[in-house]
Amino acid sequence: MSEISAIKKLVRITDYLSASQIFLKDNFLLDKPLTQDDIKDRLLGHWGTCPGINLVYANIDRLINKHTNKEFIYTVGPGHGFPAFQANLFIEGSLTAVYPEKIPFTKSGLTEVVSNFSAPYGYPSHLNPEAPGVILEGGELGYSLSVAAGSVLDNPELINVCIIGDGEAETGPLAASWNVNRFINPKNDGVVLPVLHLNGYKISGPTVFGRMSNDEVSDFFRAHGYTPLFIDSNKEEDLTEQSIKVFDQAMQMINTLKAQAKSEEGLIAPRWPVIILKTPKGMGAPETVGNTKVVGNYASHQIVFDKLKSESAEGQLQLKQLEAWLKSYNINELISFTDSGELILDKEVQGILPNQGRAIGESKHAHGKLRGDLELPDQKALQVQLKQRGQIGEDEMRLAGKYMAELFVNSVDTNNFRLFSPDETYSNHLEEVFIKTARAWQWPTESWDKDLSQDGKVVEILSEHVLFGMLLGYTLTGRYGFFVTYESFASIVLSMADQYVKFVSVARNVSFREPMAPVNIILSSLLERQDHNGFSHQNPSFISHMLDHSADIVNIYFPADKNLMLEALDLSLTTNDAVNIIVAGKKMKRDWLTPQEAAQEAQDGALIWSFLSDAGEPDVVVATCGDYITEEAVIGVTLFRREFPHVKLRFVNFFKLDMFAEYCDDKRCKEEDMLKEEIYDKYLTHDKPIVFNFHGYTATIKKLLFDYSVSNRIIINGYEEQGSTTSPFDMKARNGLSRYHLVKDIASQAEKVGVITHEQKEELHKKMTDKLKWEKDYIIKNKVDPPEINSW
């Protein structure tokens, strides 16, 4: 078998099928002259990137057969090139393997794939979880390389070939992702083989890389620590021959680098290969359509033709151009059918396709299979034994650091846990992990550097996009991790989180995908204690946005103390097919609950704190959600009771807010089929006034409570965008969340039910207002909070 001939034939088939999916609803093999009746009524799809995707796919097939000791996965950045990916999945048999009845390897299966591409209730226009072999949809550009990098960490035999469009390469996240080579250990990790598909154009104009010379492109990648290898259609050498040589050269370099890393000398700063695939956009289509240049121009980005359904002379000409284009592939030379309709491929094509179980669409790394269980730390060894309510010890995040340090110890054999932190591991008080591991670093070090190691399991780079992408790649391939960031900057990856929630919502209903490890996020350095960094570091919008998603996928935990923090950590690592978010301050040192109480609150999502609540039906309910908020509310309730001990209060702390979803299922609240109104009444009563203090925007709580008739009996306090560089107490006071504001609010609510008089309320309001003024004057004069605040 000639490898060159086989690859050319395979690419001819997949190019043909790519174009057919975009244009044809019938006459798929051109058995008769093409007519307008054969053209889809809605032309949806992107041709321009498909030829490059197909050429790379065929070369990976060849590598899979040649390197039987390696495993391969294909990450496609230009996800709009799904016609190409789906064409290959069909030809290699992967689609038939997972959908044997719907997509058999027959003429009817081919018809199903082609006719239902980009059709209602058919197959999406972009890569998607319903397609085997996919770990990235590629609809939102910028994340392909970081996701690919995450997939190969701790996967020493995996090679992820990642094709990146030159348009995607202009995005900020992708531009930063070229630095992932600094963190991939050639000894213990797999390899990302980036392929920059430099076809020169985006939707309507040229790309930056497209107007750079080969020398400039080469210099760019050398400066980033890569060895660039070119496949260039402008060269006289045949493109397919070039591709075979370059992919072989890349594999040789990879094997050499890995061998060097395993030698006694080791290897510092490995220069991984990067392939620059330089082909004209839309290669293979008509050179021009009308007066418009198509191949090698933006006009080939999508459907090439705009008048295929028109009866005009121009429309008829376009139809003939399409027919000539499709016939140029001579598809009937390469595929045929038995009398029963079974598809028969050309023998050379059969010879280059991977054996069963080895194809890209059959990769075990792409379908969520967990690679070993994660042994959780012994919670009892880390629990806080409560001696006094409100006692002060270490902060929540230091406890989280100890917890993660134990995870690194427990996962030495399974090698399936990582921490991703944007230069904030120390800042967020997680430095305990460095007793057990270090920061991954493959580049030179200085004698004064600390916590850097080629074998480190903590990945730090000052790019939230890159780290979150790496976490996604790591978890989608069956491992566990945490992404820890300042709360204010989590919004940088908000769209990435949205895209992942969409992926999970589809993937969990796909039969061949197993439950996926959770994507875990810790938000720390919270707004209440960003008094030193100021307004720019005060932003809880990530929380409010993620609460808009389904509570079946997104879990947000608000631990008020360390025992609740342990519960949140355990839940995060044992709740699969989910995005789990922990909101925890790095300066919260109070302990409120026993381990047993914390376990109960975590199970139910909320708990009435009996030590702060009066027996029986309350006069006023005080509800809190958030650690600093809860601490301040405890103080406020204590102050109010000094004034009016006869007023009955109920203190409710919310660990989660999803109990206000339409139904609370067994998993979330342990009260089967409990209606949301019943959940609400259980904690907040049916008719009593409420003060709800929340870490986050007040609108977030208002949205959750929209279905309840509570507007006339609830006061909601939260972050009101009042911030600056100030003192910790002043930060709360500016947003109406101080202890004194709470006392005023409880008094207002107590008056409504007649347990205090109007005069008593007014007197207490004045007392608290005067106190707030005194506090503010003290802070302005002394630049710090008064001793009575700090020493409570």
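This is a predicted model: local features need pLDDT of at least 70, side-chain atom pairs count only at pLDDT 80 or more; totals for chains, interfaces and linings use all residues.
Helix H6 itself spans residues 144-152, and it's mostly covered: nine of its nine residues are buried. If you want to find them, go from Ser144, Leu145, Ser146 and Val147 through Ala148, Ala149 and Gly150 to Ser151 and Val152. After H6 comes Asp154, a residue with a positive phi, near 60°.

Now for a pair of helices. H17 (residues 562-574) packs with H18 (residues 595-604) at an angle of about 45°, and their axes are 8 Å apart. Because of that angle, H17 is oblique to H18. Their crossing is right-handed. On the H17 side, Asn563, Leu564, Glu567 and Leu571 make the contact, while H18 brings in Pro595, Ala598, Ala599, Glu601 and Ala602. Sort those contact residues by type and you get six nonpolar, one polar and two charged.

Glu601 turns up again in the surroundings of Phe654: leaving aside neighbours within four places in sequence, Phe654 is in contact with Glu601 and others, including Phe558, Met659, Phe660, Tyr683 and Phe692. Phe654 also belongs to the largest nonpolar core, which has 188 residues; Phe654 and Tyr74 are the ones with the most contacts inside that core. Apart from this core lies another, of 65 residues, with Phe482, Phe644, Phe651 and Ile746 among them.

Methods:
Residues are numbered from 1 along each chain as its sequence is written. Side-chain values use heavy atoms; hydrogens and water are left out. Axes are lines fitted to C-alpha atoms, for helices over the stretch in contact, and angles run from 0 to 180 degrees between N-to-C directions. Helices (H or I, at least four residues) and strands (E, at least two) are DSSP runs, numbered from the N terminus. Angles under 35 degrees count as roughly parallel, over 145 as roughly antiparallel, 65 to 115 as roughly perpendicular and the rest as oblique. A crossing is left-handed if the near helix is turned anticlockwise from the far one by less than a right angle, and right-handed if clockwise. Contact means heavy atoms within 4.5 Å. Ala, Val, Leu, Ile, Met, Phe, Trp, Tyr, Cys and Pro count as nonpolar, Asp, Glu, Lys and Arg as charged, and the others, Gly among them, as polar. A nonpolar core is a set of buried Ala, Val, Leu, Ile, Met, Phe, Trp, Tyr and Cys residues joined through side-chain atoms within 4.5 Å. Buried means under 20% relative accessible area, exposed over 50%, partly exposed in between (1.4 Å probe, protein chains only).
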